[in-house]
Amino acid sequence: MMKKLIAFVVMALPLFAFAQKDIDQRVEEIMAKMTIEDKIGQLNQMDGRRDLEQIKKEVREGTLSSIMNIVDPAVTNELQRIAIEESPAGIPLLFARDVVHGFNTVLPIPLGQAASWDEELIEKASRNTALEATERGIRWAFAPMMDIARDARWGRIAESFGEDTYMAGRLATAVVRGYQGNSLSDQTSMAACAKHFVGYGDAEGGRDYNTTSIPPRTLRDVYLPPFKACVDEGCASIMTSFNDNDGLPSTGNRWLLTELLREQWGFEGVVVSDWGSVAGLIPHGVAYDKRDAAHQCIEAGCDVDMSSRSYLLNLKELIESGEVDMAVLDEAVRRVLRLKVALGLFEQPYARTTEKSDIYSESVLATACRLAEESVVMLKNEGEVLPLLPEKVKRVLVVGPMADAPYDQMGTWALDGDKTHTVTPIAAIREDWAKKVEIDYIPCLTHPRDRSTAEFARMQEAARKADVVVAFVGEEQMMSGEAHSLSSLDLQGAQGDMLEALAEVETPLVTVFMAGRPLTIARQVEISDAILYAWHPGTMGGKALANILFGEVSPSGKLPATFPRNVGQIPIYYNHKHTSHRAKGTEGNLDSIPREAYQSVMGHTSSYLDVAPSPLFPFGYGLSYTTFELSDIKIEKTAVTPDESIKVSVLLTNTGRREGTEVVQLYTGRKTASVTQPMKELKEFQRVTLGAGECRRVEFEVPVSRLAFHNRDMVLAVEEGKYTLTIGTDSQTGLKTYFKITK
Ligand code: BGC
């Protein structure tokens, strides 16, 4: 039995970075020896959280190509041995997992990572994640997730990089680089998987799995570009989405998976269905049975059937009856084998061993801590209540159900995070600050949905004695993520009342949110002196927050998603289109409307009667312990051609008293085009760290081609004409200049 492996090893290519032609040749050699059953087996992916003997049987029979969710190298290695030595074709297995934001060391949820606007750090943290995961035998990660999310009711907004197309592409490609490393064949690399292709984040009503109705131009300009960016980055695989867009479920959409992805974009990697989404065509109502579903999906271009067994049970018959061409099967198998060869699985099929484990290593934790620090967004800091400098604050009361919630703070995909490694805020505050400041701690509520008010009086009493109260509120882990959508984004349980009770006491109140999404926090912003929004910050979240609260680190996060005033404003996002009846800054207020007004009280604008049209906090917003000023915007050329770049610079000055980091954001916009345009769109950004009083000229270079959109003829092109360019520290303010694109 060992012979098979030896045969492959003899043919072994140099271990690192196989040349494509060698991979192709190798795959053809393997395929030449495969039966139709062997081939169909290579398209079947199943969960590993089942009876192990049954899994072994399937591996031995050659009906499994990849297995999800086994992270014990002793088990994966044993299964791998069976695949190589005992299965008919001897092809190694590929072990897959949802490695979405960290592995053992849990990173901030992707939405939190996005708030850092720091692609280098995200890449570094993702590389660490690959080190941890590959140590457990995982070589295929189901991430990055790059669904554009403009509706915080959707629980999976937590897994996304937020609402902006350009940013999602930039950050998703950083994850791809981090996971895939310099070469897939490196044993510390994992194949990345760009998901969910496509439009999944636009689920109607924010209800997970719901229908989407994204028109062709919006699909191309808003939802597809991050995937294209990942394809260009060399992302090894793509996962289809559960939704049907305009009538077609993605997994059976030939235009999407073949014509666009492969023929137009040149993607050569593997397409995997989402969980059961091949058979999902049946409940969607476009396939009669699994046979029909398998037929549609394989022809559409979906290579791997994740967990529905539709391919396994039906492809042979479909091929023998001539309904599916053998060439279609071969092509899908070829793609899977190419990936396995590229990963070096034929040479090194077993989980990598390492002398020094990277799991929870000091450097991995330090990077996770930095990313958590950078992901924290300060939304308010009245009277500079923060930072809590020991010279002015002697006694701190810590309250709230998220102050010590080691599981919840890890966020949605914390499959491999061990909560005993989590550093919670109260643990970090005690560890680092208890010697300098007196710390009282009253959880008050046992968890975010706790409705008990029993501890309120005791808490108020303690608050009176404190110099400052820090309240940790938010959402449990399982309030966001897949299949966890909400219709209300208000704080749950008695958390809102708890904060009201604290506000009654005059002691300054700092509210820290830890949540999987933007919540509706208008009232809490009003009654708190300072607000930190920390998302679900992961393993090191507590340490990161302590560092920020006590001034070791200045906050630098910026919102990757617009914060609505109330749920009724959703969907709300900064890059909405120009309309014919543009909303004015009017405050919606029902009480101000006369009883018998027959004329529009809002002057016929695109507004609400009962709430302002503006968000509570715009995309890109976030404060620092220092202050920054932008001045002197200079554009090199006011007329550029489509193949040139726009070169523009601005002076950034740290006008405060300490070092800090600002995220300088560049937006372009135009009023008149062949089709209606967003008011403005992010086209570049830079994190800049400056010492107190320091001033630097920040330079940007934006290729004009980045301004292309699908025009009236549905052609991706740059249009001539006048554009505005704004450089700001959020999406709503900044310095403006103009330029023209000419032929
Ligand atoms: C999710 C995917 C995930 C897959 C495998 C599905 O339910 O939608 O994002 O990768 O399960 O766990």
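Reader: How far is an oxygen atom of the ligand from an N or O atom in the side chain of H196?
Author: This is a predicted model, where local features need pLDDT of at least 70, side-chain atom pairs count only at pLDDT 80 or more, and totals for chains, interfaces and linings use all residues. Residues are numbered from 1 along each chain as its sequence is written, and side-chain values use heavy atoms, with hydrogens and water left out. H196 itself lies in strand β5; helices (H or I, at least four residues) and strands (E, at least two) are DSSP runs numbered from the N terminus. From an N or O atom of the H196 side chain to a ligand oxygen, the distance is 2.7 Å.

Reader: Which N or O atom distance goes with the side chain of D274, and how much of the ligand's accessible area does the protein cover?
Author: For D274, a side-chain N or O atom sits 2.5 Å from an oxygen atom of the ligand. On its own the ligand has 310 Å² of accessible area (Shrake-Rupley method, 1.4 Å probe; for residues, only the protein chains shown count as cover). Of that area, the protein covers 94%.

Reader: Is K195 buried or exposed?
Author: K195 sits in strand β5 (residues 193-197). Its side chain makes a 3.1 Å polar contact with that of D98 and reaches the backbone oxygen of F142 at 2.8 Å. A polar contact here is a pair of N or O atoms within 3.5 Å; within protein, one must be able to donate a hydrogen and the other to accept it, and residues adjacent in sequence count only if both atoms are side-chain atoms. Buried means under 20% relative accessible area, exposed over 50%, partly exposed in between (1.4 Å probe, protein chains only), so at 1% K195 counts as buried.

Reader: What kind of peptide bond joins K195 and H196?
Author: Most residues other than glycine have a negative phi, and most peptide bonds are trans. The bond from I570 to P571 has omega near 0° and is cis, with P571 in the loop between α21 and β17. For K195 and H196, omega is about 0°, and the bond is cis.

Reader: Where does M714 lie?
Author: M714 is a residue other than glycine with a positive phi, near 65°. M714 counts as partly exposed at 31% relative accessibility. Its place is the loop between β23 and β24 (716-717).

Reader: How many residues apart in sequence are the parts that E119 and R170 tie together?
Author: E119 and R170 form a salt bridge, with the closest N and O atoms 2.7 Å apart; the term means a side-chain nitrogen of Lys or Arg within 4 Å of a carboxyl oxygen of Asp or Glu. E119 lies in helix α7 (residues 119-135) and R170 in helix α8 (residues 165-180), so the pair ties together parts whose separation in sequence is 51 residues.

Reader: Which strand holds E662?
Author: E662 forms a salt bridge with K558, the closest N and O atoms being 2.6 Å apart. The partners are 104 residues apart, with K558 in the loop between α21 (541-549) and β17 (628-635). K558 and E662 are buried. E662 is in strand β20 (residues 660-669).

Reader: How many salt bridges are there by this rule?
Author: One network links D24, E28, E331, R334 and R338. R706 and E684 meet in a salt bridge too, at 2.8 Å from N to O. The count comes to 57.

Reader: What is the radius of gyration of the chain?
Author: The chain has 21 helices and 26 strands. Its radius of gyration, taken over C-alpha atoms, is compared with the globule rule of 2.2 Å times the number of residues to the power 0.38. That rule gives 27 Å for 743 residues, and the chain's value is close to it, so the chain is as compact as a globular protein of that length, with a radius of gyration of 27 Å.
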